[in-house]
Amino acid sequence: MRRAKIAGAAAAVALLGVLAFSAAKNAASSLPELRLPLPSVAAGPQPVVVDGVAEPLRALAQATADSAAGTAADKAAAIKRSYPCVADVSVRRPWGEKRSTLTPTLRVAVAPALRRGRPAGFLGSDGLVFVAPADVYALSGPTADVDDAPEDDRRALARAWPALTAPGALPEALAEMVWLSAQDGWQARLADGTTVLWGRLDWTREKLARLAEALNDARAKEPGAFAADLRWFEDGKVLLKPLGKSVAGVGGGLK
């Protein structure tokens, strides 16, 4: 009899536990869903300072960064879009500081660029023609009239520029390199009025040496400006004529 009572009591306790669990579950499901707010993230632009470039570009780039929304990387991208003379912008933020430092890297300018006689900015060392704010570059001397020259030909001119403009490289100082056409290539115009149909920009140092020799020989006989043609240099020909007279062949070039 006693065992029966104990068993009954145990069954009653188990039943109450089941009922309590069920009631708790139902109560929990009826409660509204609670969402704890996450810490808010500032949506405003990140503070930056532009450094590493001289005025006036530093101030111009700072103004562009200050007016651009978003992260420091977004501001760096805005500077690159606004100033084609900027090749890249590095972003640095020291540990513990809220402000990032943006450091622009300028493109290397080889020469003042023209297009059909009109200023077009600068010829870069990679062959790109780009513009820049006033006083960013202080280039003087010969110009490069690139007109519609293909990128490969502009790049070739940039590579040859140091040799073409070196002191004493030409009998007279180079005044301008002008793109003529895909067939004729480049033309060099010298300070004394001499013109040189250069053709493609290959064999540059060899052409410079042979041209100087040919012009010095010709000027010993007849001083003045000449028209030279190096388009057949690989055939061993350097053509010269005093300006206004008929063409005369001068041997030379590659044998």
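## Surface and overall make-up

The accessible surface of the protein chain comes to about 15,400 Å², with 57% of it belonging to carbon and sulfur atoms (areas from the Shrake-Rupley method with a 1.4 Å probe). This is a predicted model, in which local features need pLDDT of at least 70 and side-chain atom pairs count only at pLDDT 80 or more, while totals for chains, interfaces and linings use all residues. Residues are numbered from 1 along each chain as its sequence is written, and side-chain values use heavy atoms, with hydrogens and water left out.

The protein chain holds five helices and 13 strands (DSSP runs of H or I with at least four residues, and of E with at least two). Of its 255 residues, 36% are buried, that is, under 20% relative accessible area with a 1.4 Å probe, protein chains only.

## Asp 229

Asp 229 lies in strand S11, residues 226–229, and counts as buried because its relative accessibility is 9%. The side chain of Asp 229 makes a polar contact with that of Arg 231 at 2.7 Å (N or O atoms within 3.5 Å, where within protein one must be able to donate a hydrogen and the other to accept it, and residues adjacent in sequence count only if both atoms are side-chain atoms).

How values were computed
Buried means under 20% relative accessible area, exposed over 50%, partly exposed in between (1.4 Å probe, protein chains only).
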